[in-house]
Amino acid sequence: MRIPLQLSGKKEFDAVGFGLNAVDHLIVVAEYPAFDTKVRFTDYQKSAGGQTASAMVALQRLGLKTAYAGRFGSDEAGRFGHRSLETESVNLDFAEAIEGADNQIAFIIIDAPSGERTIIWDRDEKLSYAAEEAPIELAPKGRVLHIDAHDPPACAAMARAARKAGAIVTAGIDNIYEGLPELLPLVDVLITSAEFPHRLTGICDERASLVELKARYGCAIVGATLGARGALIYCDGEFMESPAFEVPGSCRDTTGAGDAFHAGFIYGMLCGEDLETCMRLGNAVAALKCRSLGGRAALPTLDELKDFLSEPPAVAGG
Ligand SMILES: Nc1ncnc2c1ncn2[C@@H]1O[C@H](COP(=O)(O)OP(=O)(O)O)[C@@H](O)[C@H]1O
Ligand SMILES: [Mg+2]
C-alpha cells in the first residue's frame, strides 16, 4: 500500500526531533526480582537514551541528517546526554541546557532471559516546555517532525509549524499526557506502544482501538508496535501486520526498541517506500537494536541494515 502522505522536497534536515532525552542506568538481572527481596545484578551500564533523542541517533546512523530539540539538565548527566548526541553528529542548535535543572534519568531493570525492560524514571519539571517556548523556527527545517508527545501544547505548536511548511508529523507515544486530544489531530503518523490505544480509548480489542483512534483524531496512519509480535497498522481502511525479526544472537535488551522502530519506519517513508516496507524496516532496525544493552549501542548503520535484510529473514517465533 502506498503511504497516503505527500513528502516535501529537500530541506536542511531529513528529520527534526522534539522531545525527550535521558540518561539511563541499566542493570541486568537473571530473573525479575520479587517484592521485598535482594538480587545481584549481572551487568550494569550507563548510557544515553530518551525516546526522541534516540530516534534521531537511529536515523543519523542510517545516514540521514537530523536535528534534536529538547532540554538537558545543567548537571553531569545533562552534559553526558548532550555529548552523546554531538558524537553522533545530531544537530543541537535548538537544544538547551536549563540552569539548575537535573537531567532526566531512568533506572532500567532488564530481565536477562527475555531482554524485557522495566523502566523507573523521573523528569525535572524545570525541563518542561510551555507552548510559547517551543522552538518553532526549527520545525519547518525537516521533511519529518518526530515527537514523543511530552509537553503536548508545545508539541502542537511544533506540529502546526511543521505542517505549514509541508513536513510530515510522526509521533511515538507510550503514555497519556494532558493535552493529547488537541495534539493528536496534528499528527500524520501515530504509532504507539501496544497498550496505549486501549488506555486512551478504553477499547480492549487491538484493531477496534486503532479504528477508534483514527475516527477520533483522523491521523493518516495509526498503529502500534507489539514487541516480539512486530507491528500492526491501520491505514486507508485496511489493517497491515508486520512480524518482528528474530534478534541476531539473542534479545539482550528491548530498551528503546520502539524508538528504533520509528526510525526504521521514518527512514522508509523518506525513501518513498510503501507501507509494508516501512514496517519491515521498522522491525529490522528494532531487532538489531535489541542485540545489546541500552537504547542506542546496537542501532545499525545502513550497511548493517542492508546486510541483515538481504539474509533470508528469520521470523520471531517462526
Ligand atoms: N523480543 C523481541 N524480538 C524481536 N523484536 C522485538 C522484540 N521486542 C521488540 N521488538 C521490536 O521492537 C519493536 C518495538 O517494541 P515494543 O516492545 O513494541 O516497543 P516499546 O516497548 O519500546 O514501546 C517491535 O515492533 C519489534 O519490531
Ligand atoms: Mg517493549
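A backbone N or O atom of Gly258 lies 2.8 Å from an oxygen atom of ligand 1, a polar contact being a pair of N or O atoms within 3.5 Å. The model is predicted, so local features need pLDDT of at least 70 and side-chain atom pairs pLDDT 80 or more, whereas totals for chains, interfaces and linings use all residues. Residues are numbered from 1 along each chain as its sequence is written, chains are lettered from A and ligands numbered from 1 in the order in which they are written, and side-chain values use heavy atoms, without hydrogens and water.

Two further backbone contacts involve oxygen of ligand 1: a polar backbone atom of Gly230 is 2.9 Å away, and one of Leu226 is 3.5 Å away. The protein covers 89% of the 550 Å² of accessible area that ligand 1 has on its own (Shrake-Rupley method, 1.4 Å probe).

The shell around ligand 1 holds 17 residues, of which Thr225, Gly227, Gly230, Gly258 and Asn283 come nearest; a residue is counted if one of its heavy atoms lies within 4 Å. By class, 9 are nonpolar, 7 polar and 1 charged, with Gly counted as polar. Helix α7 (257–270) and α8 (275–289) each give two or more residues to this shell, and α7 has the largest share, 3 residues. Helices here are DSSP runs of H or I with at least four residues, and strands are runs of E with at least two.

Ligand 1 sits in the largest pocket, meaning that more than half of its atoms lie within 2 Å of the pocket's grid points. A pocket is an open set of points on a 1 Å grid over the protein atoms alone, where a 1.4 Å probe fits and protein lies on both sides within 12 Å along at least five of seven lines; lining residues have an atom within 4 Å of a point. This pocket holds about 1,100 Å³ of space. Among its 50 lining residues, Arg117, Thr254, Gly256, Ala257 and Gly258 are closest to the centre. Helix α7 again supplies the largest share, 5 residues.

How values were computed: Polar contact = N/O pair within 3.5 Å; in protein donor to acceptor, adjacent residues only side chain to side chain. Points joined across faces, edges and corners; volume = space filled by probe spheres on them.
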